[in-house]
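User: Could you take a close look at the aromatic rings in this model and walk me through how they pair up? I'd enjoy one connected account.

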Amino acid sequence: MAILDIMLYPHTILRERCREVTQFDRELHRLLDDMAETMYAANGAGLAANQVASTQRVIVVDPSREDRGSELLELVNPTITAFLGGRVVGEEGCLSFPDIYEPVERYEAIRFEAQDRHGAPIRIETDGFLAIVVQHEVDHLNGVLFLDKLSRLRQGLAKRKMKKRYGGTDLHRRLGEE
Ligand code: CO
């Protein structure tokens, strides 16, 4: 397994719409293993493939706060099939925006479908933190960022912070080198 570089905003791959996975092969399994390792190394609760420069519809999530690894979900071709309950506002971060946390409004509960690493169907209805993380990560696969959900003012501040800290474009972050 390997820890992958994480693409930082405003890397253009973060705006790409990822492609449906059709091959459930060793390459996909390696990507899933590496994504989980990278998510844990970065101390994140979720990671989408385009954040590690792959444009496949793949996410890994783990909403557990303690006992990391205990609630790992590998979701291939995830789709949210229903938004349920009311809207809730919670503080969100993103591994492509280190150290930026902003209040974001999401649906309280969702139903989603996906496939596991072998192509078998997964259907889950959930609320709480998992529901929020899955909404955030599925957005990534469609080129949508949490930044897009903020007010113009907050967007401007976050963009300036990223530019000041990292400068340039198409940057990535190598864990362990900061
Ligand atoms: Co993110």
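Analyst: Y107 has a relative accessibility of 28%, so this tyrosine counts as partly exposed. Bear in mind that the model is predicted. The ring partner of Y107 is F83, and the two form a tilted pair, with 4.8 Å from centre to centre and 40° between the planes. F83 is partly exposed too, at a relative accessible area of 46%. Since F83 belongs to strand 4 and Y107 to strand 5 (residues 97–115), their pairing ties together parts 24 residues apart in sequence. Y107 also has a charged neighbour: the charged end of R87 sits over its ring, 4.5 Å from the centre.

F97 sits in strand 5, while F146 is in the loop between helix 2 and helix 3 (152–166), so here the pair ties together parts 49 residues apart in sequence. As for accessibility, F97 is buried at 1%, and F146 is buried at 2%. Ring pairs also bring in Y9, which joins F97 and F146 in a cluster.

Strand 4 has one further link worth a look: C94, in that strand, and H136, in helix 2 (residues 128–141), are 42 residues apart. Both are protein donors of the cobalt ion, together with H140; the donor atoms lie 2.1 to 2.2 Å from the ion. C94 and H136 are both buried.

Definitions and conventions
Residues are numbered from 1 along each chain as its sequence is written. This is a predicted model: local features need pLDDT of at least 70, side-chain atom pairs count only at pLDDT 80 or more; totals for chains, interfaces and linings use all residues. Side-chain values use heavy atoms; hydrogens and water are left out. Donors are N, O and S atoms within 2.8 Å of the metal (3.2 Å for Na, K and Ca); water is not among the atoms, so sites may look incomplete. Helices (H or I, at least four residues) and strands (E, at least two) are DSSP runs, numbered from the N terminus. Buried means under 20% relative accessible area, exposed over 50%, partly exposed in between (1.4 Å probe, protein chains only). Rings of Phe, Tyr and Trp (its six-membered ring) pair if their centres lie within 6.5 Å; planes under 30 degrees apart count as stacked, over 60 as edge-to-face and the rest as tilted. A charge sits over a ring if NZ of Lys or CZ of Arg is within 6 Å of the ring centre and within 35 degrees of the ring normal.
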